[in-house]
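Visitor: Please pick one part of this model and go through it closely. I would like the cut-offs along with the terms.

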Amino acid sequence: MRRRAGFLLWEMLILCVMIGVLCTLGAVRWQAWQTERRLTFAAYEVAETLRYAQRLAQDTSGGGVPEFSFGAVNLGGENYYYVSRNRASPARKHYLAEGISFAVPGNQLIAFRRDGRPGFSATGGYRIVLVAKNGARRAVIISAQTGRVRTE
C-alpha cells in the first residue's frame, strides 16, 4: 500500500480562492481606512488654521481693529482654505487632499473679532463640513459664544 504525500490540485485551488477573497476584503478596508485618515487629518488642519486666525485677531495691537478672516473655497473643482487680513486676497492657499472637499459650494468666510470669537452668525455658530468621495463627513465647529474650535 502506497501513502499519498502532499495536496491535491483542487485543494490548492480552493486555498488560492480563499486567500484571494481575504486579500480583496483587506484591500477594500485599507482604502476606506486611508480615506478616513485623510479626512480626519484635513479636518484637523482646517481647525488649526481657524485657531491660527483667532490668535492673529487676538494678538493684533495698534490703532484700528484689523479683521482676520478664514475662507473655505469650493469652486470649479478647487478646494482650498486661507487666512486673510481685512478681507484682502489670500497670500497663501492651503489645498485639501485629493478626494476631500468642502460640503458647501462657493466661498465660506468667517471673520474673527479681537476677542477671538467669530463675527455675526445667524445660527449661533459656524460649521464647516468636509466630505470624502465615499460620503464620509467630518465637521469643524466654531462656537459663537466662546469661539471654541472643535472637530466632530
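Guide: At 49% relative accessibility, R127 counts as partly exposed; that class runs between buried (under 20% relative accessible area) and exposed (over 50%), computed with a 1.4 Å probe and protein chains only. E152 falls in the partly exposed class too, at 44%. The side chains of R127 and E152 meet in a salt bridge, with N and O 3.2 Å apart. The pair links distant parts of the chain: R127 is in strand β6 (residues 125-132), while E152 is in the segment after β8 (149-151), 25 residues away. A salt bridge here is a side-chain nitrogen of Lys or Arg within 4 Å of a carboxyl oxygen of Asp or Glu.

The model is predicted, so local features need pLDDT of at least 70 and side-chain atom pairs count only at pLDDT 80 or more, whereas totals for chains, interfaces and linings use all residues. Residues are numbered from 1 along each chain as its sequence is written, and side-chain values use heavy atoms, leaving out hydrogens and water.

The structure holds six salt bridges. One of them joins E36 to R138, and the closest N and O atoms are 2.0 Å apart. E36 belongs to helix α1 and R138 to strand β7 (residues 137-143), so this pair ties together parts that are 102 residues apart in sequence. Both ends are partly exposed: E36 has a relative accessible area of 27%, and R138 has 22%.

Another salt bridge joins the side chains of E48 and R51, at 2.7 Å from N to O. Both residues lie in helix α1, three residues apart, which is about one turn of the helix. An α-helix has 3.6 residues a turn, so residues three or four places apart point the same way. The relative accessible area is 30% for E48 and 24% for R51, so each counts as partly exposed. Elsewhere, R113, D115 and R117 are linked in a network of salt bridges.

The buried residues of α1 are T35, L39, A42, A43, V46, A47, T49, L50, A53, Q54 and A57.

Take Q54 from that list: its place is in helix α1, and at 9% relative accessibility it counts as buried. Leaving aside residues up to four places away in sequence, Q54 touches F112, G116, G147 and V149 (heavy atoms within 4.5 Å).

Next, the sheet. Four strands form an open sheet in the order β3-β2-β1-β5, with antiparallel pairing. β3 (94-95) and β5 (106-112) stand at the edges with a single partner strand each, so one side of each has no neighbour in the sheet. Strand β1 (residues 68-75) pairs with β5 in the antiparallel sense over seven bridges; pairing requires at least two bridges found by DSSP. Within this sheet, V73 has N107 in β5 as its bridge partner.

Key: Helices (H or I, at least four residues) and strands (E, at least two) are DSSP runs, numbered from the N terminus.
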